[in-house]
Amino acid sequence: QGHFNEHIFSLEQELYKKEGIDLAQITFADNAIVLSTLEDKKGVFAVLNEENKLPKGSDTGFLSKVLKNENNALKAPTAKELRDPKNQLVFIVTHYAGPVRYTVTDFLDKNKDRLFDDLAAVGASSKSKFVSSLFKA
């Protein structure tokens, strides 16, 4: 994202200046901490993938692990907000546009790779006895 901002916004503004086009300087927020919070080795996506690999992985387990990495971009609801039941399974990511609440209910289920199940079903229904035998339980 930072690379995109640098090359699209900054370089474009420089080009406009060189060509004599009057352009108000546009400022943009650096969202590197948000990207890091989501994509790093211990980021939200990595935690989600790890929790999905656990036999007893759960949405609450995912949430507790995500909140261990709390920072300026990632927060838990305040104690006052937690009194409301709808905030019990929530983490908050503060993007450049403001805070966004993510409710983790069914996060793990939505992140599961269903391709293998689909391929196994297709293989089991194969007209080839050999192929279908490979997928029978």
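1. R101 is partly exposed, at 40% relative accessibility; here buried denotes under 20% relative accessible area, exposed over 50%, and partly exposed the range in between, with a 1.4 Å probe and protein chains only. The model is a predicted one, in which local features need pLDDT of at least 70 and side-chain atom pairs count only at pLDDT 80 or more, whereas totals for chains, interfaces and linings use all residues. Residues are numbered from 1 along each chain as its sequence is written, and side-chain values use heavy atoms, with hydrogens and water left out.

2. R101 has a salt-bridge partner in E81, with 2.3 Å between the closest N and O atoms. R101 belongs to strand β3 (residues 98–103) and E81 to helix α5 (residues 79–82), so the bridge ties together parts that are 20 residues apart in sequence. E81 is likewise partly exposed, at 24% relative accessibility. A salt bridge requires a side-chain nitrogen of Lys or Arg within 4 Å of a carboxyl oxygen of Asp or Glu. Helices (H or I, at least four residues) and strands (E, at least two) are DSSP runs numbered from the N terminus.

3. The search of the whole structure returns five salt bridges. Another of them joins E51 to K65, where the closest N and O atoms are 2.5 Å apart. This pair links distant parts of the chain, since E51 sits in helix α3 and K65 in helix α4, 14 residues apart. E51 is buried, with a relative accessible area of 4%, while K65 is partly exposed, with 32%.

4. A further salt bridge pairs E50 with K53, and the closest N and O atoms are 3.5 Å apart. Both residues are in helix α3, three residues apart, which means that about one helical turn separates them. An α-helix has 3.6 residues a turn, so residues three or four places apart point the same way. E50 is partly exposed, with a relative accessible area of 47%; K53 counts as exposed, at 61% relative accessibility.

5. Helix α4 spans residues 59–67, and its buried residues are D59, G61, F62, L63 and V66. These buried residues pack against α3 (44–53), β1 (74–75), β2 (90–95) and α6 (107–111), contact being defined as heavy atoms within 4.5 Å.

6. Most residues other than glycine have a negative phi. D106 is placed in the loop between β3 and α6 and is partly exposed, at 40% relative accessibility.

7. On the surface, F4, I8 and F9 form a nonpolar patch with about 260 Å² of accessible area together. Patches comprise residues with over 30% relative accessible area and no salt bridge, like charges being joined within 9 Å and nonpolar side chains (Val, Leu, Ile, Met, Phe, Trp, Tyr) within 5 Å. Accessible areas come from the Shrake-Rupley method with a 1.4 Å probe, and for residues only the protein chains shown count as cover. F4 lies in helix α1 (residues 2–18) and is partly exposed, at 44% relative accessibility.

8. R83 occupies the loop between α5 and β2. R83 is exposed, with a relative accessible area of 67%. The C-alpha atoms of R83 and V93 are separated by 20 Å, the two residues being 10 apart along the chain.
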